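Here is a short briefing on a single model. Look over the chain first, then read the points below.

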Amino acid sequence: LVGSPDHSTRSRASADGARLQMTGLTTDNVTTDNVTTQNATPPIFDHRFHAQLAELIAWRRDVRRFRPDPVPDELIDHLLDLAQLSPSVGNSQPWRFVSVDSPALRGRIHDNFARCNQKAEGLYDGDRATLYAQLKLEGIAIAPRQFAVFCDRSTRQGAGVGCQTMPETLDYSVVVMIETFWLAARAHGLGVGWVSILDPVEAKTDLDVPEPWKFIAYLCVGWPEEEHVDPELVRCGWQPRTHAGRVVIQR
């Protein structure tokens with residue numbers, strides 16, 4: 001995928017096309033409204049679909065450079081509908097979205113990032129410190145849509161099934177949902193960037209959410225300014241992908 005010259009053109013075309021072809025999103029795709037009434041016979045996912053799914057997974061990367069072009073509300077609504085189909089412990093669906101739209105709040109989030117990033121940069125020395133300073137680690141100033149995602153640890157949905165012994169599975173459920181949202185966004189040509197260099201307590205205070213909500217992620221969403229399949233940290237030489245997590249230990 002990395003060496004194929006037509007990928008960036010094709011993906012950029014899909015991004016532009018997604019903005020122009022917004023009809024049929026709720027009728028041509030599975031949504032929370034129709035998933036329970038569909039025929040019980042499962043669809044057949046053929047080899048072409050398998051290849052496209054693998055390509056989608058490869059292209060799902062953390063985007064930090066966005067175009068300022070607006071994202072249609074209908075598309076965001078569609079992605080949020082699909083996200084509700086994500087697995088969650090006890091079917092609790094504990095994720096809560098806060099759309100961060102005001103320039104003042106975005107400015108406070110960015111200030112939060114800048115302070116935390118400066119502190120993080122001080123942890124490195126020499127060439128590592130120089131390289132860290134060159135990394136593009138967020139897109140807060142440009143991304144047209146931004147969401148803070150929380151876990152509602154007080155939710156009564158699911159009646160506590162599955163999380164009595166491991167309450168952190170509520171948090172894990174939110175993370176799984178984010179991956180679903182991310183893949184669905186990429187399928188429409190949208191990029192998503194997860195900003196993790198933030199003080200979660202300060203972010204939660206600034207966004208004024210209920211006390212039981214735990215801050216999980218800050219997501220920047222928009223059309224990528226540039227298209228490439230390799231993640232930012234790989235392109236910049238910070239950390240290549242490895243097979244460390246591919247090892248399966250047998251007992």
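R96 is partly exposed, with a relative accessible area of 21%; buried means under 20%, exposed over 50%, and partly exposed in between, with a 1.4 Å probe and protein chains only. The side chain of R96 meets that of D152 in a salt bridge at 3.3 Å, N to O. The model is predicted: local features need pLDDT of at least 70, side-chain atom pairs count only at pLDDT 80 or more, and totals for chains, interfaces and linings use all residues. Residues are numbered from 1 along each chain as its sequence is written, and side-chain values use heavy atoms, with hydrogens and water left out.

**Salt bridges**

- The structure holds 15 salt bridges, each defined as a side-chain nitrogen of Lys or Arg within 4 Å of a carboxyl oxygen of Asp or Glu.
- D152 is buried, at 8% relative accessible area.
- K214 and D171 form a salt bridge at 3.0 Å, N to O.
- This pair joins strand β4, which holds K214, to helix α6, which holds D171, across 43 residues.
- K214 is partly exposed at 34%, while D171 counts as buried at 6%.
- R61, R186 and E227 belong to one network, joined by salt bridges that share partners.
- R60 and E179 meet through their side chains in a salt bridge of 3.9 Å, N to O.
- R60 lies in the loop between α2 and α3, E179 in helix α6 (residues 169-187), and the two are 119 residues apart.
- R60 counts as buried at 16% relative accessibility, and E179 as partly exposed at 33%.

**Sheet**

- Four strands make an open sheet in the order β1-β2-β4-β3, with antiparallel pairing.
- The edge strands are β1 (95-99) and β3 (191-195), each pairing on one side only.
- Neighbouring strands of this sheet are turned by 30° against each other on average, direction ignored.
- Strands are DSSP runs (E, at least two residues) and helices likewise (H or I, at least four), numbered from the N terminus.
- Two strands pair if DSSP finds at least two bridges between them.
- Strand β2 (residues 145-152) and strand β4 (residues 213-222) pair in the antiparallel sense over eight bridges.
- F147 has L219, in β4, as its bridge partner.
- Helix α3 (residues 73-83) packs on the sheet and touches β1, β2 and β4, where contact means heavy atoms within 4.5 Å.
- The direction of α3 makes about 25° with that of β2; axes are lines fitted to C-alpha atoms, for helices over the stretch in contact, and angles run from 0 to 180 degrees between N-to-C directions.

**Surface patch**

- F45, F49, L53 and I57 form a nonpolar surface patch with about 360 Å² of accessible area together.
- Patch residues have over 30% relative accessible area and no salt bridge; like charges are joined within 9 Å, and nonpolar side chains (Val, Leu, Ile, Met, Phe, Trp, Tyr) within 5 Å.
- Areas come from the Shrake-Rupley method with a 1.4 Å probe, and for residues only the protein chains shown count as cover.
- L53 lies in helix α2 (residues 47-59) and is partly exposed at 36%.

**Helix α4**

- A120 lies in helix α4 (residues 103-121) and counts as buried at 17% relative accessibility.
- A120 and A133 are 13 residues apart in sequence and 9.9 Å apart in space, C-alpha to C-alpha.
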